[in-house]
Amino acid sequence: LADEINRTPPKTQAALLEAMQERAITAAGKRYILDKPFFVLATQNPIEQEGTYPLPEAQLDRFMFNIWLDYPAFKDEITIVKNTTSISDFKLNNVITGEEILFYQDLIRKIPINDNVLEYAVNLASKSRPNTEKSHDISNKYINWGAGPRASQYLVLGAKTHAVLNGKYSPDIEDVKAIAMPILRHRLVKNYKAEAERISIEDIIDELIKS
């Protein structure tokens, strides 16, 4: 878990990229393999940009989801304040083992998916790539760089998981749409025209989904 990753220097980001891509870390010239399951959770502070080091697109692409966290709901904030301004004795319990996580990851990959749903997922990612065969007009107008093949892979895996969590045996197009925003949000790079016209990434993704 990396807190405010956009405040870390490039050297730290490079080390994190090695861990995410190679599933290994190097210290003092020695390589250490990371145990499975291993994954990275990271936060970014979107408010202050001075003194920060934005992550390169190649590293952002390795995060499956980009989840926007807004202010907490009033009742949730009451709970937060109550628990953090008094003396409380919390007991943490394991809810799942590493072996179980690996089992469920393997299970998700075994979920069948119809060709039309898979093609929809790949087509959705393709439409975000400007000046290509399948690019959407809004991508040509407002996007410098679209989503790569890793987005297509995550759209399928995310749709499979969303389907299973909702009691379905196989995903449909609605499952792809349901998880498209957090998967595509950090993979599209807007151009100056989008910035000038105050077009958000979310606006662009909504249009891609509607089309």
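Start at helix 1: the cover over its buried residues includes strand 1 (24–27) and helix 2 (57–60). Helices (H or I, at least four residues) and strands (E, at least two) are DSSP runs, numbered from the N terminus. Buried means under 20% relative accessible area, exposed over 50%, partly exposed in between (1.4 Å probe, protein chains only). This is a predicted model: local features need pLDDT of at least 70, side-chain atom pairs count only at pLDDT 80 or more, and totals for chains, interfaces and linings use all residues. Residues are numbered from 1 along each chain as its sequence is written, and side-chain values use heavy atoms, without hydrogens and water.

Now select the buried residues of helix 1: Gln-13, Leu-16, Ala-19 and Met-20. They cover an arc of only 115° around the axis, so they lie on the same side of helix 1. The arc is taken from the directions from the helix axis to the C-beta atoms.

Next, select Arg-129. Look in the loop between helix 5 (115–126) and helix 6 (137–142). Arg-129 counts as partly exposed because its relative accessibility is 23%. Which residues does Arg-129 touch, not counting those up to four places away in sequence? They are Ser-135, Ser-139, Gly-146, Ala-147, Gly-148, Pro-149 and Ser-152. Contact means heavy atoms within 4.5 Å. The C-alpha atoms of Arg-129 and Ser-139 are separated by 6.4 Å.

Finally, zoom out. The protein chain has ten helices and four strands. Of its 211 residues, 33% count as buried.
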